[in-house]
Amino acid sequence: MRNLKDLLYSVSISQTVGRIDVQVEEIQFDSRKVKKGDVFVAVRGVTVDGHTYINKAIELGARVIVCEEIPELIQENITYIQVGNAQIALGVLASNFYDNPTKDLQLVGVTGTNGKTTTTTLLYELFTKLGYACALISTIKIVIDGEVIPSTHTTPDILTLNKMFREAVDRGCEYAFMEVSSHGIHQNRIAGLHFAVAGFNNITHDHLDYHKTFANYIAAKKKFFDDLPKSAIAITNVDDKNGLVMLQNTVATKKTYALKTDADFKAKILENQFDGMLLEFNGKEFWTSLIGKFNAYNLLEVYAIATLLGQDELQVLTALSTLKNVDGRFQTFKTATGIVVIVDYAHTPDALENVLNTIEAIRTKNEKLITVVGCGGDRDRTKRPEMADIASQQSQVAIFTSDNPRTEDPELILQEMEAGVQPQFYNRTLKITDRKEAIKTALKMAEPKDIILIAGKGHEIYQEINGVRTHFSDLEVATELSQLLNK
């Protein structure tokens, strides 16, 4: 049990009704989980308002209600705490409940449209190689000192985060690396966390189904940096046209990295091949098995953050040279007949273009490039024609197929994609709704040394259709089919 008065430390309170010097059990924001003696925080969500469940929470045994509006009917022996923003209050309460674990960690948050998973995972792997116990919060997985925990959201809820960070501290972790999504920032789902470093990768059109405008999307990312304390470091990619926007109002120490522009951390790509790159970081060369300009940016950010956190530069570069690709990010294999197959998570126009440009920079032009790509249902529809346009322009064959249609008709999604294809590229495109069949067709069309890019799902091991997830891995399907077709 905890004393409510202690949990309310640093919470911005407008009004209290009832006693605050009381013992409470746990903090909940989901009324269904409330038990006797709990604190219920009435959060206003995107689709649900927790205030409508206050009475239910009390019936289930809630002792304390934290809310933005105190109900007209006050119940006896219940404490009501009125706050300006319940989600922010939840973050502070959660941090206090778990004894502010992020104050005992060097917490690094990375945000941006593309590259968050790769950057945070590489940071985790780098610091692990350097001998530290670490935690990772990413789209693919959550890891605490080597133990993998399933991940369901890019940014988990604040109670879950604090519980995980407390476990990380208790297990001796010194560093933690997490993806910070625009949704999580906008919804204040990182409130109360203490970041040592915040990194910005890039920003391109995505999530406009949620943010509505690109300006709102930029503002959400920028808020992460605006809210940093003076003790933190903010590092941004100044090659991105909105990179410096992130630093405009932050009080944190400002640092920059770039491949094209003058910056605190500068990189050059000296060689770029299908088996890796020779890179130069701040005048020092090293080889990496990772491929493409986007990975040069990711690695440079990792290098910059590590050195800013006091790690030895040469040890960092040595460890970086041993790191491998993150699952579903430009994963490459060759079939028995010499066809190069690349599986990548590219699910935005910018990410797809980056991957295709990377392939274009490496290939000899004597081989065909076949791209298999789809777009997810119930998500930003504006990117569908853009992605089809990019795929059809930059590939010899573009096969449009189903991704995760969710509740939408896959055929209608493909029609919206096809609308973006310019007339002169129509003869390069095919439409095959079944994703497995689309991959099979690409393999049948390919000849030795040809390149097949399977884009959109990357690390995902499911396909979601009408609310049902069935097992589906692009890498597994492509590997199995290539073996069958080669028999």
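Reader: At roughly what angle do the axes of helix α11 (residues 349-362) and α12 cross?
Author: Helices here are DSSP runs of H or I, at least four residues long, numbered from the N terminus. Axes are lines fitted to C-alpha atoms over the stretch in contact, and angles run from 0 to 180 degrees between N-to-C directions. The axes of α11 and α12 come within 9 Å, and their crossing angle is roughly 10°.

Reader: What kind of model is this, and what pLDDT do side-chain atom pairs need to count?
Author: Residues are numbered from 1 along each chain as its sequence is written, and side-chain values use heavy atoms, with hydrogens and water left out. This is a predicted model, where totals for chains, interfaces and linings use all residues, local features need pLDDT of at least 70, and side-chain atom pairs count only at pLDDT 80 or more.

Reader: Is α11 roughly parallel or roughly antiparallel to α12?
Author: Angles under 35 degrees count as roughly parallel, over 145 as roughly antiparallel, 65 to 115 as roughly perpendicular and the rest as oblique. The α11 and α12 axes cross at roughly 10°. Therefore α11 to α12 is roughly parallel.

Reader: How many charged residues does the contact of α11 with α12 have?
Author: Contact means heavy atoms within 4.5 Å. Leu352, Glu353 and Leu356 are among the α11 residues that meet α12, whose side includes Lys383, Glu386 and Ile390. Ala, Val, Leu, Ile, Met, Phe, Trp, Tyr, Cys and Pro count as nonpolar, Asp, Glu, Lys and Arg as charged, and the others, Gly among them, as polar. By class, 6 residues are nonpolar, 2 are polar, and the number charged is 3.

Reader: Is the crossing of α12 and α13 left-handed or right-handed?
Author: Helix α12 (residues 383-394) packs on helix α13 (residues 410-418) at about 60°, axes 7 Å apart. That makes the pair oblique. A crossing is left-handed if the near helix is turned anticlockwise from the far one by less than a right angle, and right-handed if clockwise. The crossing of α12 and α13 is right-handed.

Reader: Is Gln87 buried or exposed?
Author: Gln87 sits in helix α3 (residues 86-97). Beyond four places in sequence, its contacts include Val43, Ile158 and Arg189. Buried means under 20% relative accessible area, exposed over 50%, partly exposed in between (1.4 Å probe, protein chains only). At 13% relative accessibility, Gln87 is buried.

Key
Helices (H or I, at least four residues) and strands (E, at least two) are DSSP runs, numbered from the N terminus.
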